Amino acid sequence: MAATIALPSTLVAESGSGTRLRLWPEWLTLCLYAAIVAYAIPFHEPWADEAQAWQMARALSVHDLFFHALRYEGSPGLWHLLLHGLIRLHVSYTAMHWLTGLVAVCGMSLFIFFAPFPRWFRLILPFSVFFAFQYAVVARSYVLAPLLAFAAAIFWKRNAVLLAIMLGLLANTSLHGFALAAALGIVYFVETRRGLHEPNYPRIALLILVAFLAFALLTALPTPPDLTFDDEVLRKPLGEHLAASPFLAFAFLLRAFAHPWQLALPLVLATLWLAYRIGGKLYLLPLLSVAMLSGLGYWNYWHLGFASLALITTAWIAWRPLQRTWNWPVISIVAIWLALQIGSSVFAFVWDHAYAYSPDKAAAKYLTHFVDNGLPIALTVANKSEVGAFHSVGLGPYFDHPIFINQQRLYWVWTTHEHTQEQLNAALDQNPAAIVAMFYRHDNHRFDRSRDLDIRRLHPLYERGYGVTQVFCGEKPEDFGLREEICEIVLER
């Protein structure tokens, strides 16, 4: 397919050739990317974090979401607001994942067609693990980040107001999105002071961005006094956070840019060196802001993609000076990083196809018989876990009401007033027809019935005459192995 486009310069046809620009590799890449995502979505079983946002949007008003509930999540609410609207339009839980895939395809289309990087890089990066799987197949707020960040890069020197809106929306996707958006905003206005570009309506753009940033902070903070999950991290003295954050931030970068660990240090050092070369310390700010946020709080595997997003967006913005460093040593480093990312992506897709990502869909199907016949079901925790019975929220979207007699909320609240486990004895006095015991493992070992069903917490249930009838497990991949396993153990008399 032939077309003509003014962006980027690497795609422009040769001068005087009289031929139109041929974009068939870009269209082929986009179609292949869309096909891979579309193929993966039906095999993906959504897990508790995907269900939690859906359930909150389903159960709460916009006011309750933004001014109360989201503080317990430590997250701004753009994704929840989007889900709230979709639910009111009667969009199903399954359809949510197709919307997620569409958003991912739109974000990658901006990168493939408009980024100034060499063609080979634009055609390979979309298939890396975060852009193809974690921020495409998994339906969470992070899927919005590439679309908004790449749109901001496109508007960087074109329209300050639209740039401010894109950055403001990015800040409301997550706290990592907030850190990236705030840092990019600082870079933009410093560039403006240096005369690198003359924005239209700069004061209006600044007011818009500040308003969006303030709203994101007011939504996610302050931390409620009864917050329970990660309260030890959140309540540490500021001095301890500041002392540890540089080391944790560097660990975040090591973890984000390399697999296995042996390659991490040279890759990260090379990344920081390149960022410094493209214009000084200013352009390190987006990458370091995301890393420092992770050092001040905590980070998980799915947060690591923001390091790549920060680096790519910054390189897009400052491509002209960076292009001078684009030599064979740099290309070799980028190629190694891409190979590792593509390898992780292939592993994630194969794993998600071969194994259940979450036990919820299969368990919900089995429990439908109990729910339809009005048979009571109780909820408990099989093994000691810092998240308690949180993962049971993944069952919620498959039913139109709460199904557990000792957990009558559609979503989970990270509060010290959560008494699901304490209410178990009262629930057992009602002789429930079934008990669902949540099992959580984060040590790279898969569930073993001979070992993991002989757990002290389950013995009182065995003594009451309950026995295990079904075990449903889901496993989440990370890099080239198993990250964690979540099982739902069904016990019946």
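**A walk through the predicted model**

Ser-345 has a relative accessible area of 3%, so it is buried, since buried means under 20%. The model in which this residue sits is a predicted one. Ser-345 belongs to helix α18. Setting aside neighbours within four places in sequence, the residues in contact with Ser-345 are Phe-127, Ser-128, Val-129 and Ala-132.

Helix α18 covers residues 328-354, and Gln-341 is found there too. With a relative accessible area of 1%, Gln-341 is buried. In sequence Gln-341 and Ala-258 stand 83 residues apart, yet in space their C-alpha atoms are 8.2 Å apart.

The protein chain has 493 residues, and buried residues make up 55% of them. Its secondary structure comes to 22 helices and four strands. If contacts in the chain between residues at least 6 apart in sequence are taken, 76% of them join residues at least 24 apart.

A search of the whole structure finds five cavities of 30 Å³ or more. The second largest cavity contains about 150 Å³ of space. Its lining consists of 16 residues, and those nearest its centre are Ser-392, Val-393, Phe-404, Arg-409 and Leu-410. By type, the lining divides into 10 nonpolar residues, five polar and one charged.

Pro-222 lies in the loop between α11 (202-220) and α12 (231-234). The peptide bond from Leu-221 to Pro-222 is cis, and its omega is near 5 degrees.

Tyr-201 lies in the loop between α10 (175-193) and α11. Its phi is near 50 degrees, which is a positive value in a residue other than glycine. Is Tyr-201 buried or exposed? Its relative accessibility is 56%, so Tyr-201 counts as exposed.

Asp-479 also has a positive phi, near 55 degrees, and is a residue other than glycine. This residue is placed in the loop between β3 (467-478) and β4 (481-492). At 15% relative accessibility, Asp-479 counts as buried.

The last stop is Gly-374, in the loop between α19 (360-372) and β1 (377-381). Gly-374 counts as exposed because its relative accessibility is 60%, where exposed means over 50%. Between Gly-374 and Ala-433 there are 9.7 Å in space, C-alpha to C-alpha, while in sequence the two are 59 residues apart.

Technical notes: Residues are numbered from 1 along each chain as its sequence is written. This is a predicted model: local features need pLDDT of at least 70, side-chain atom pairs count only at pLDDT 80 or more; totals for chains, interfaces and linings use all residues. Side-chain values use heavy atoms; hydrogens and water are left out. On a 1 Å grid over the protein atoms alone, a cavity is a set of points where a 1.4 Å probe fits but cannot get out, and a pocket is an open set with protein on both sides within 12 Å along at least five of seven lines; lining residues have an atom within 4 Å of a point. Grid points are joined across faces, edges and corners, and a volume is the space filled by probe spheres set on the points. Ala, Val, Leu, Ile, Met, Phe, Trp, Tyr, Cys and Pro count as nonpolar, Asp, Glu, Lys and Arg as charged, and the others, Gly among them, as polar. Helices (H or I, at least four residues) and strands (E, at least two) are DSSP runs, numbered from the N terminus. Buried means under 20% relative accessible area, exposed over 50%, partly exposed in between (1.4 Å probe, protein chains only). Contact means heavy atoms within 4.5 Å.
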